[in-house]
Every structure is written in structure tokens, then in C-alpha cells.
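Hi,

Here is the structure I promised to send over. Have a look at it first, and then read on for my notes.

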Amino acid sequence: MSRKNVAVIPGDGIGPEVIKATLEVLEKAAPGKFDFTEVAMGGNAIDKYGEPLPDFSLKTCQNADATLLGAVGGPKWDNQPPEKRPERGLLGVRSGLEVFANIRPAKIFAPLASACPLRKDIAEKGIDFIIVRELTGGIYFGKHEAFKTSDGERAARDVMEYSEHEIKRIAHVAFKMAMGRRKIVTSIDKANILTTSRLWREVVEEVAKEYPEVKLNHLYVDNASMQLVRAPSDFDVIVTENTFGDILSDEASQIVGSIGMIPSASLGENNRGLYEPIHGSAPDIAGQDKANPIGTILAGAMMLRYSFAMNKEADKIENAVDEVLRDGLRTPDIFMDGTKLITGSQMRDAIIAKL
Ligand code: IPM
Ligand code: MG
């Protein structure tokens, strides 16, 4: 196999720490298989180049076989105008790479079962679902406007728009994924209110006809957020639009124990994905060696699986993570009585030692 070119965006806050750990883990799991190219994006790029996503940064990602991202943003850049915020760089990478399908697994790691905040009888039924979040459409990419009304009052609007092809392609991703799992798709919308949701429902139902073995349910997003804590074991594959997916995936992360543990893969029509943990840049703990690198390490494993078909190496990494958790090693975010508190770099070293 030829060496893979990976664009690496360390980002801001804890981003560089968790990325450093992940690159070391990847190198150990598959020595000599990668060329990593560091890319400036986010607050660090604003400081250095005056913009969150310089053209050359995006080009490097577009030319790479895959992109690995830590996290971006922080209070330092909160007062920037919208087009100069770190988050804008992130959206630029997502749309520039055309990765419209964001895959966010929510699964209880057996050794962390007691970290699930839900009632024992609910958690014991098993929690293992995937959120397929539409990533390059909806309000995130609609027109954003601040304006004055005719009375001179301040007003603002954000436009939510979806077209048929955007819904169709994300629905296919969800149904295909369900075919390899328990064959249940739950499409989440707000069709009792939103026109975009009614189109969403219509198109998802059309796509469903091509997957007769898959059972399709629809839920309104408010109800879904309740069902996720009432009966999480009912869910297999969730498909939903950008904003609902953003919100529900944070909820899901807490259900399974810690936001620091969850990786995500963003995929387009080809294999060149974008891989990142779902957590943010956590500026409050940056540089203190407290950050849990597992979410990013598992994002690295997803990269091996989805972009490079290196399933064996991906398994190795996932098993190593499982083993260190079984050994009782815990970074502060997942620490509980009876376990051993360690730093982020100790967590990295423990995982590497298992490889
Ligand atoms: C996420 C994050 C981002 C999003 C932010 C940082 C722009 O919350 O990946 O879920 O809203 O998509
Ligand atoms: Mg989010």
C-alpha cells in the first residue's frame, strides 16, 4: 500500500494535544504508512494569517487522502466578526471537502457502563446507535443577516434551506449504514412546523422504498430528544438535518458517558473524509495535560476504516482503547471512584503500549 497523505489540523485549545497523541498512536498502529501535513485553521490561522481558513489550508486538505482535525475556537476569538471566527473555518473545510454526511456513533463502552447517567434498567438494554447528521446544508449554510426593520428596530434572520438531492444523498448513507446493522432508520425532523422538514420526510420516504428490509420511523425532534433518554436502545441509525444533528449528538454523547470519547467521520461521495472528535477546544483545560485524547484517537481509527480500508489496524486501536479502560485508567472527564486518574499523555502512552 502506498503511503497515505493525511492533512492534519491541530486547531486551538486542546486540539494540538489530542492530535499529537493521535498521530503517535496511528504511527504505532501502522508504522511508515502516513505522511502528515500540518494545516493552519481556526483561531491559530486568524492570528497568523488574518483569516480562519486560508486558501492554501483548504487546498492541502482537498489534495490529501483524508483530513484529521482536533478542535477549533476559544474565547480569544469570540469578538471577531462572523466571517472571521474560527468556526467559520470549520464550516469552510466541511463544505470545501463536500463532506455532507457526518457519522457520530453513540455506544456504551462496556468498562464505562457506570458512567451512563440513565437509570440502570434503561442502560442495561444496551445503547448502540449512530447519528447520521447532514453537514453541509440547512441553517448553517443559509443566508445569515442582521438588519433593521422599517421601524428601525434591530432584527436578524438565518435561512434554512434544503433541496431534494441534499436529502436524498444523506438518506442513502443512513439506509446503507442500517443495512449493515439492525436495519432501523429513525428520521428526525420538525414536519409539524417546518416546510424543509416536510420535504425531508417526503424524500426520505421515497429513498426508503429502495431499502425494503429497513424499517423507517419518523420522530419530531422534540419528541426524539425525549425518546433518546427514555429508550435509547430503540435507536439504530438516526438521520437528521444539520442543526438537529448538532444538538442531538451532544445529548447522545452524555448518554454514553463522556463527550471526550466520541469520534466522528464526515464523508462525501469519495473516500476522502474529515475525521474529528465531537468535542470542542475546551480552552479551560488546554495546555494542562487533562484532555482525554480518546475521541480523537478513535476518529483516527475511523479514518483507517472508512478512508483507507485498514480495518485490521482500526480494530487494533479500538481494542487498545478498550483495554486501557478495562485496566481502570481514566482521564479527569471519565474518572470515577475505584479507577485510576491519569493525564492525557499517560492515556496516550497506555494506549500505545497496548499496540
Ligand atoms: C460540532 C460543533 C460545531 C458545529 C461548531 C464548533 C461549529 O458543535 O461539530 O458539533 O456546530 O457543527
Ligand atoms: Mg456540536
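A salt bridge here is a side-chain nitrogen of Lys or Arg within 4 Å of a carboxyl oxygen of Asp or Glu. With that in hand, Lys76 forms one with Asp47, and their closest N and O atoms are 2.6 Å apart.

Before more of this, some housekeeping. This is a predicted model, in which local features need pLDDT of at least 70 and side-chain atom pairs count only at pLDDT 80 or more, while totals for chains, interfaces and linings use all residues. Residues are numbered from 1 along each chain as its sequence is written, chains are lettered from A and ligands numbered from 1 in the order in which they are written, and side-chain values use heavy atoms, with hydrogens and water left out.

**Salt bridges**

Back to Lys76 and Asp47. Helices (H or I, at least four residues) and strands (E, at least two) are DSSP runs, numbered from the N terminus. Lys76 sits in the loop between strand E3 (66–71) and helix H4 (86–96), and Asp47 in helix H2 (residues 43–49), so the pair ties together parts that are 29 residues apart in sequence. For accessibility, buried means under 20% relative accessible area, exposed over 50%, and partly exposed in between (1.4 Å probe, protein chains only). Lys76 counts as exposed at 61%, while Asp47 is partly exposed at 43%.

A search of the whole structure turns up 24 salt bridges. One of them joins Lys183 and Glu213, with the closest N and O atoms 3.9 Å apart. Lys183 is in the loop between helix H6 (164–179) and strand E8 (184–189), and Glu213 is in the loop between helix H7 (195–208) and strand E9 (215–220), so this pair ties together parts 30 residues apart in sequence. Lys183 is partly exposed at 27%, and Glu213 is exposed at 53%.

Glu323 and Lys354 also meet in a salt bridge (3.9 Å, N to O). Here the partners are in helix H11 (residues 311–326) and helix H12 (residues 344–354), so parts 31 residues apart in sequence are tied together. Both are partly exposed, Glu323 at 35% and Lys354 at 33%. There is also a network: Lys20, Glu24, Arg348 and Asp349 are joined by salt bridges that share partners.

**The cores**

A nonpolar core is a set of buried Ala, Val, Leu, Ile, Met, Phe, Trp, Tyr and Cys residues joined through side-chain atoms within 4.5 Å. The largest has 63 residues, and Val132, Phe175, Tyr275, Leu304 and Ile351 touch the most other members. Helix H10 (residues 294–306) gives the most to this core, with eight residues. Another core, apart from that one, has 23 residues, including Ala106, Leu118, Phe129 and Ile188.

Contact means heavy atoms within 4.5 Å. Leaving aside neighbours within four places in sequence, Tyr275 is in contact with a list of residues that includes Leu68, Leu267, Met302 and Tyr306.

In H7, the buried residues are Thr196, Ser197, Trp200, Val203, Val204, Val207 and Ala208. They cover an arc of only 140 degrees around the axis (taken from the directions from the helix axis to the C-beta atoms), which puts them on the same side of H7. What covers them includes strand E5 (128–134), H6, E8, E9, strand E10 (237–240) and helix H9 (242–255).

H12 has Gly344, Met347, Arg348, Ala350, Ile351 and Ile352 buried. These pack against helix H1 (15–29), H10, H11 and strand E13 (329–330). Note that Arg348 belongs to the salt-bridge network above, and Ile351 is one of the core residues that touch the most other members.

Arg94, in helix H4, is buried at 6% relative accessible area. Leaving out residues up to four places away in sequence, Arg94 touches Val99, Arg104, Arg133, Leu135, Thr136, Leu274 and Glu276.

Pro111 is in the loop between strand E4 (101–107) and helix H5 (120–123), and is buried at 17%. Beyond its neighbours within four places in sequence, Pro111 is in contact with Asp322, Leu325, Arg326 and Arg330.

As for cysteines, the structure holds zero disulfides (a pair of cysteine sulfur atoms within 2.5 Å). Cys61 is buried at 1%, and Cys116 is buried at 8%.

Cheers
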